[in-house]
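Dear colleague,

I am passing on the structure we spoke about, and below it you will find my notes on what turned up when I went through it. Please read them with the model open beside you.

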Amino acid sequence: MTPRKHDCNGLDNHSMKLKLFFTGAFALAVLVVSYLVFSKPNYPITFSNMDKVGHTVSFLGLAFLAYFAFKPKWYWMCSVLTAYAILIELIQSQIPYRSASVADVVADILGIVLFYLFLFVFKKYQAARLFSKASPSFGSNVTKKKR
């Protein structure tokens with residue numbers, strides 16, 4: 001087996017490709033979200049609060065992509081994505097066919113929080129799986145006391 005080549009950051013070729021993929025996907029997602037929130041809406045509203053669900057899912061996706069693209073500290077990612085959410089609403093307040101909404105910013109922040117909640121649960125699940133594989137099942141190596 002040949003050893004993997006690493007760059008100056010210690011990343012192997014596969015990790016670099018994944019990082020590049022997530023970085024590109026994040027940039028594309030920011031462009032798509034920006035287009036959708038600034039363009040004139042031309043889609044039917046199929047259920048109430050569809051807009052809020054869209055904001056939440058969009059920011060959950062942005063948080064997911066940003067996390068795997070940049071591995072930022074949680075407070076940096078929350079700050080940057082929240083600033084982007086506020087910027088979106090400020091710009092929308094200046095567009096005649098759009099309106100700004102604090103509820104949209106709350107929905108955006110909810111998406112970020114949901115991402116971190118899912119990440120927390122996933123990491124706990126992974127840790128539990130690793131722990132259960134690493135240690136023998138309880139009681140299998142228990143020796144009986146001599147009487």
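Is the crossing of H2 and H3 right-handed or left-handed? The crossing of these two helices is right-handed, and I set out below how they meet, with the reminder that this is a predicted model.

To begin with the overall picture, the secondary structure of the protein amounts to four helices and zero strands, and from the N terminus on the elements run α-α-α-α. Of the 147 residues, 24% count as buried. Among contacts between residues at least 6 apart in sequence, 70% join residues that are at least 24 apart.

Helix packing

Helix H2, which covers residues 50-70, has 21 residues and reaches 30 Å from its first C-alpha to its last, close to the 30 Å expected at 1.5 Å a residue. Its buried residues are His-55, Thr-56, Phe-59, Leu-62, Ala-63, Leu-65, Ala-66, Tyr-67 and Ala-69, and just after the helix Lys-71 takes a positive phi of about 50°.

H2 and H3 pack at an angle of about 140°, with their axes 11 Å apart, which makes H2 oblique to H3. On the H2 side the residues that take part are His-55, Phe-59, Leu-62, Ala-63, Ala-66 and Tyr-67, and they meet Met-77, Leu-81, Tyr-84, Ala-85, Ile-88 and Glu-89 in H3. In general, an α-helix has 3.6 residues a turn, so residues three or four places apart point the same way.

Helix H1 (residues 13-38) also packs on H3, the two axes coming within 10 Å and crossing at roughly 30°, and that makes H1 roughly parallel to H3. The crossing of H1 and H3 is right-handed. Here Val-30, Val-33, Ser-34, Val-37 and Phe-38 in H1 meet Tyr-84, Ile-88, Ile-91 and Gln-92 in H3.

Gln-92

Gln-92 belongs to helix H3 (residues 74-92), and at 3% relative accessibility Gln-92 counts as buried, because the limit for that class is under 20%. Leaving aside its neighbours within four places in sequence, Gln-92 is in contact with Val-37 and Phe-38, and also with Arg-98, Ser-99, Ala-100 and Asp-104.

Salt bridges

A search of the whole structure finds two salt bridges. In one of them Lys-52 pairs with Asp-51, the closest N and O atoms being 3.1 Å apart; in the other, Asp-104 pairs with Lys-52, with the closest N and O atoms 2.7 Å apart. Asp-104 lies in helix H4 (residues 102-134) and Lys-52 in helix H2, so this pair ties together parts that are 52 residues apart in sequence. Through shared partners, the salt bridges join Asp-51, Lys-52 and Asp-104 into one network.

How values were computed:
Residues numbered from 1 in each chain as written. Predicted model: local features only at pLDDT ≥ 70, side-chain atom pairs only at ≥ 80, totals over all residues. Heavy atoms only, no water. Buried < 20%, exposed > 50% of the residue type's maximum accessible area, 1.4 Å probe, protein only. Contact = heavy atoms within 4.5 Å. Expected span 1.5 Å × (residues − 1). Salt bridge = Lys/Arg side-chain N within 4 Å of Asp/Glu carboxyl O. Axes fitted to C-alpha atoms, helices over the stretch in contact; angles between N-to-C directions. Parallel < 35°, antiparallel > 145°, perpendicular 65-115°, else oblique. Left-handed = near helix turned anticlockwise from the far one by under 90°.
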